[in-house]
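Here is a short report for a reader new to this structure.

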Amino acid sequence: MGSDAGGAGPAEVEPMPGYWELITRGAGVMLDEWRRCSDCGVELSKRTLLETAYITWTEIALFFFCAFLWTMIRKGLTESLFKPLAQWCRLLPKDAAKMPESAWKLVFYTMSWSYSTYLLFFSSYSFFHDPPSVFYNWKSGMTVPTDIAIAYLIQGSFYGHSIYATVNMDTWRKDSAVMVVHHIITLALISFSYAFRYHNVGILVLFLHDINDVQLEFTKLNVYLKSRGGGYHLLNDVLSNMVSVSFSITWFWFRLYWFPLKVLYATCVSSVQSVPNIPFYFFFNALLLALLLMNIYWFLFIVIFVVKLLKVKEVNDVREYEDEDARRAAEERLKHPQAESNGDGDDDDAGHHNSAQRKHVQNGVAKDKYL
């Protein structure tokens, strides 16, 4: 499907474009590529796939082995570390059930994001500061540097594991179906970008997305810990609020600002400048645009979360399904408001009549105050 190699690229770093330049130039370049691709179709795609995709059976076997290994490691850590830790912290039952999932994801995403940060800022790669350079000197079948290949193996196998884990191991949430689609798209991007040697842009995409997962899981752990032992722990509450605000800001900055202006501009515009007739131009950009749309979808959850935080001053995951018993109890209190004010004593265990004990009331549960 055209050239086998990309040019060395300009000596000076190109300034990052704005949204308007991304839309106008990106749409213009894509339209030009569509007009020039007179023989595009299934046959050309098959031929290009056979000519430019490079992946070995050993690499495929490593992928499945590591995906299985992640599942075994998670199960081992859950049984030997995370569940005992939840019991030791005396978490509420509903929090103890979800805590291992968040702890596992926090461990992995902290490790993976730290590694991608090292590659982009503490090695010789300049992809973050000069995104168009991801396509400089591109060649079909070029050797993938070992440090980037390791990152791809770690991330690809983890998302392979995550497809299984979302369905069979994680708590099912309102956006779990979207999460499965996200994992499939991410795995497709990782696999095909590796096979077609677009690994440079792949590292940039992973860096821009993993930071939010670190903050999200850290926030959720502090939400669980602030109610440990049936009490109220101020430090964990403050941490959950602070990191949730940081999460909201970095989500917009990394996924809705840097991701389209650094990654999408490079793949839509800069790619064809460095590599005319670049293979699977529309396929990869379609996947990246789908990823951007899902980032916007989840940002709507974040907006709802921020509004809820401002109203009730409490961090909760708006993606969670409401507890059915709590919902029914709330409906009963609305139907019979006098029963609550009369104080029959039936709801003492739920913490509705604890004013004399001077306890902190949160989510209808009486909790002792702790720092």
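## The second largest cavity

The lining of the second largest cavity divides into eight nonpolar residues, two charged and no polar. Here Ala, Val, Leu, Ile, Met, Phe, Trp, Tyr, Cys and Pro count as nonpolar, Asp, Glu, Lys and Arg as charged, and the others, Gly among them, as polar. The lining residues are Glu14, Pro15, Met16, Pro17, Pro131, Pro132, Leu261, Lys262, Tyr265 and Ala266. The space inside is about 70 Å³.

Cavities and pockets are found on a 1 Å grid over the protein atoms alone: a cavity is a set of points where a 1.4 Å probe fits but cannot get out, and a pocket is an open set with protein on both sides within 12 Å along at least five of seven lines; lining residues have an atom within 4 Å of a point. Grid points are joined across faces, edges and corners, and a volume is the space filled by probe spheres set on the points.

## About the model

This is a predicted model, in which local features need pLDDT of at least 70, side-chain atom pairs count only at pLDDT 80 or more, and totals for chains, interfaces and linings use all residues. Residues are numbered from 1 along each chain as its sequence is written, and side-chain values use heavy atoms, with hydrogens and water left out.

## Leu261

Leu261 is one of the residues that line the second largest cavity. Leu261 lies in helix H8. Helices (H or I, at least four residues) and strands (E, at least two) are DSSP runs, numbered from the N terminus.

Is Leu261 buried or exposed? Leu261 counts as buried, because its relative accessibility is 3%. Buried means under 20% relative accessible area, exposed over 50%, and partly exposed in between (1.4 Å probe, protein chains only). Leu261 touches Met16, Pro17, Gly18, Tyr19 and Leu22, leaving out residues up to four places away in sequence. Contact means heavy atoms within 4.5 Å. Pro17 is 244 residues from Leu261 along the chain, yet their C-alpha atoms are separated by 6.2 Å.

## The largest cavity

The count comes to two cavities of 30 Å³ or more. The largest holds about 280 Å³ of space. It is lined by 24 residues, and the closest to its centre are Leu189, Ser193, Val201, Val205 and Leu288. Helices H5 (146–168), H6 (176–195), H7 (199–225), H8 (234–274) and H9 (281–312) each give two or more residues to this lining. By class, the lining has 16 nonpolar residues, eight polar and no charged.

## The second largest pocket

About 500 Å³ of space lies in the second largest pocket. Of its 21 lining residues, Ile55, Glu59, Phe63, Ser191 and Tyr194 are the closest to the centre. H3, H5 and H6 give two or more residues each. Which element gives the most? H6 does, with seven residues. The lining has 17 nonpolar, three polar and one charged residues.

## Thr78

Thr78 sits in helix H3 (residues 57–88). Its relative accessible area is 11%, so Thr78 is buried. The side chain of Thr78 reaches the backbone oxygen of Arg74 at 2.7 Å. Residues up to four places away in sequence aside, Thr78 touches Lys83, Pro84 and Pro100.

## Cysteines

A disulfide is a covalent bond between the sulfur atoms of two cysteines. The search used a cut-off of 2.5 Å between cysteine sulfur atoms. Across the whole structure, zero disulfides are found. Cys89 counts as buried at 15% relative accessibility. Cys268 is buried too, with a relative accessible area of 5%.

Technical notes:
A polar contact is a pair of N or O atoms within 3.5 Å; within protein, one must be able to donate a hydrogen and the other to accept it, and residues adjacent in sequence count only if both atoms are side-chain atoms.
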